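Subject: Handing over the two-chain model

Dear colleague,

Here is the structure that I promised to pass on to you.

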Amino acid sequence: MALINVNGVSLGYEGKPIVTDLNFSVNKGDYLCIVGENGSGKSTLMKTLLGQKNVLSGKIEFSDGLKQKEIGYLPQQTQVQKDFPASVKEVILSGCLNSCGLRPFYSKKQKDNAAQIMKKLGISDLANKCYRELSGGQQQRVLLARALCATKKLLVLDEPVAGLDPVVTKNLYRLISNINNEGITVIMVSHDIHAAIEFASHILHIGNKPLFFGTKEEYKTSDGCHCFICDGGHDHD
Amino acid sequence: MIETLTSYFSYPFVRYALIAGVLIALCAALLGVSLVLKRYSMIGDGLSHVAFGAIAVATVCNLAPMTVALPITVVAAVILLGLNGSGKIKGDAAIAMISVGALALGYLLLNIFSASSNVSGDVCTTLFGSTSILTLSQTDVILCLALTVIVLLVFIIFYHKIFTVTFDEGFAAATGTNTKAYNTLIAVVTAIVIVLAMNLVGALLISALIIFPALSAMRIFKSFLSVIISSSVIAVICAVTGIFIAILYGTPVGSTIVAANIVFFILCMLIGKVSKRS
């Protein structure tokens, strides 16, 4: 059953469309990778899925009991966070906020859940460390744990490996794959087409016409794939 | 020295000054942590200039300063915090523009229309604080107390929300937190604290009460909760020290409190450096 249905959606800024006629659906357990060049509308699409922007036309439907505020989100790091005094525990627990409602404090159940997620991601020993003193890879794990606290169904990741070295990148991709295998749907915005082909189940390529949406097997044989891999592939070979 | 102090504290107005000073410093410090981290350190400065302009208008129109200054400052705060990111003019430029604009217009109005014979004296008092902290009435102190209770309650009830919105607004908004509402809440409370704090340290020095305790605390502590608590403690210590010294040596209350904050900041910086090395 489809978790998200996107029907004939146009996206853009101030009435000027960047992407038009977008159609795709995400099913439970999918791992969708959204690829495209800079300025192709990847981020806009992601913001729209997260309810931060409105569509110019068309419709995005959530089903299967998915509420917009139950989406776990891993944003790119902001300038503010670089010198923010916060412990890892505080950051991760803040992911539980959306299930608090009007309650001012976190419940025991939420804290246990957060502790379990930290164990799963191998960051239990960092709990009382200061977030700004962690390495880039550790910080991403912490933010991933926070996103997992916010959802049981769908993770949205915005360039999760930006600025990480190859080893850490590989580990993080593996971690995300494991999470996906446990039944959480993943939508990842990325530049990294090679990782997309390796890990994702579906690929949405936006920016150049025709837009592509389908499984990765279909994508490998499509035209869009070849030119994108050739264009971006040199530094990997 | 202690005898002099006890004799001073037999006067109710000295006790009032101490209570009000400590409460205002506490509120300013609580807000300061969030404002400094959101890169809004200058908002205290900007809003206090707006409050100065509003008070000038009130003086010229013969109205009670508070009734004019409070609503105008609240509106300015909401606009300034709301401008961030969305507007054509960026946050820091907007703050600078509104603050110097209000300051200039306020001084201009006072100069043209004031009936007072000592305009520059009045202006100096409003800008740098006066002895007016020593002329507080019981009502003023009760007002301060009520405000402190409100600020504390807001901080306790919304603590986790304030943390999340401060740390990562994008994440907070995406997971269903009404970030706009919390930003507005912080803006309104900031404006109220600033208008009340003008009595204590004057318009130009309020920023110091907002930013110094937070910055000092951040040199040493590494979690949000510990920074919030320690900055409140630091603010209270500095306020008490400053007021004692001001009473004993007859120095201006506002600048003495700020001086105490500066000394404390340097101390915290040194402690932070030493503890990092070890």
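Predicted model: local features only at pLDDT ≥ 70, side-chain atom pairs only at ≥ 80, totals over all residues.

Residues are numbered from 1 along each chain as its sequence is written, and chains are lettered from A and ligands numbered from 1 in the order in which they are written. The pLDDT is the predictor's confidence in each residue, on a scale from 0 to 100; its mean for chain B is 84, with 91% of the residues of that chain at 70 or more. For the complex, the predictor gives an ipTM of 0.85 and a pTM of 0.85.

Chain A

Chain A holds eight helices and nine strands, where helices (H or I, at least four residues) and strands (E, at least two) are DSSP runs numbered from the N terminus. Its radius of gyration is 18 Å, close to the 18 Å that the globule rule gives for 237 residues, so chain A is as compact as a globular protein of that length; the radius is taken over C-alpha atoms, and the rule is 2.2 Å times the number of residues to the power 0.38. Along the principal axes, the C-alpha atoms of chain A fill a box of roughly 50 × 45 × 35 Å.

Of the 237 residues of chain A, 40% count as buried, a term that asks for 20 or more other C-beta atoms within 10 Å of the residue's own, whereas 12 or fewer make a residue exposed and values in between make it partly exposed, with C-beta atoms placed from the backbone. Two residues are in contact if their C-beta atoms, placed from the backbone, lie within 7 Å, and among the contacts of chain A with a separation of 6 or more, 68% join residues 24 or more positions apart.

The two sheets of chain A

Strands are said to pair if DSSP finds at least two bridges between them. Six strands of chain A make up an open, mixed sheet in the order E5-E6-E7-E3-E8-E9. Strand E5 (71-74) and strand E9 (212-215) of chain A stand at its edges with a single partner strand each, so one side of each is left without a neighbour in the sheet. Within this sheet, strand E3 (residues 31-35) and strand E7 (residues 185-190) of chain A pair in the parallel sense over five bridges, and Tyr31(A) stands opposite Val186(A) in E7(A). Helix H4 (residues 136-150) of chain A packs on the sheet, where it touches E5 and strand E6 (154-158) of chain A, and its direction makes about 165° with that of E5(A). Helix H5 (residues 166-181) of chain A lies across E3, E6 and E7 of chain A at about 150° to E7(A). For these angles, axes are lines fitted to C-alpha atoms, for helices over the stretch in contact, and the values run from 0 to 180 degrees between N-to-C directions.

Three strands of chain A form an open antiparallel sheet in the order E2-E1-E4, and its edge strands, strand E2 (16-27) and strand E4 (57-62) of chain A, each pair on one side only. Strand E1 (residues 2-13) of chain A is joined to E2(A) by eight bridges in the antiparallel sense, and Val9(A) has Leu22(A) in E2(A) as its bridge partner. Helix H1 (residues 42-49) of chain A lies across E1, E2 and E4 of chain A, running at about 125° to E1(A).

The contact between the chains

The contact takes 25 residues from chain B and 24 residues from chain A. On the side of chain B that touches chain A, the largest share, six residues, comes from H8(B).

Residues of chain B

Thr190(B) is found in helix H10 (residues 179-201) of chain B and counts as buried, with 28 C-beta neighbours inside 10 Å. Leaving out residues up to four places away in sequence, Thr190(B) touches Leu31(B), Leu35(B), Ile43(B), Leu47(B) and Ala77(B).

Most residues other than glycine have a negative phi. Arg39(B), although not a glycine, has a positive phi of about 65°, and this residue lies in the loop between helix H2 (12-37) and helix H3 (43-60) of chain B.

With best wishes
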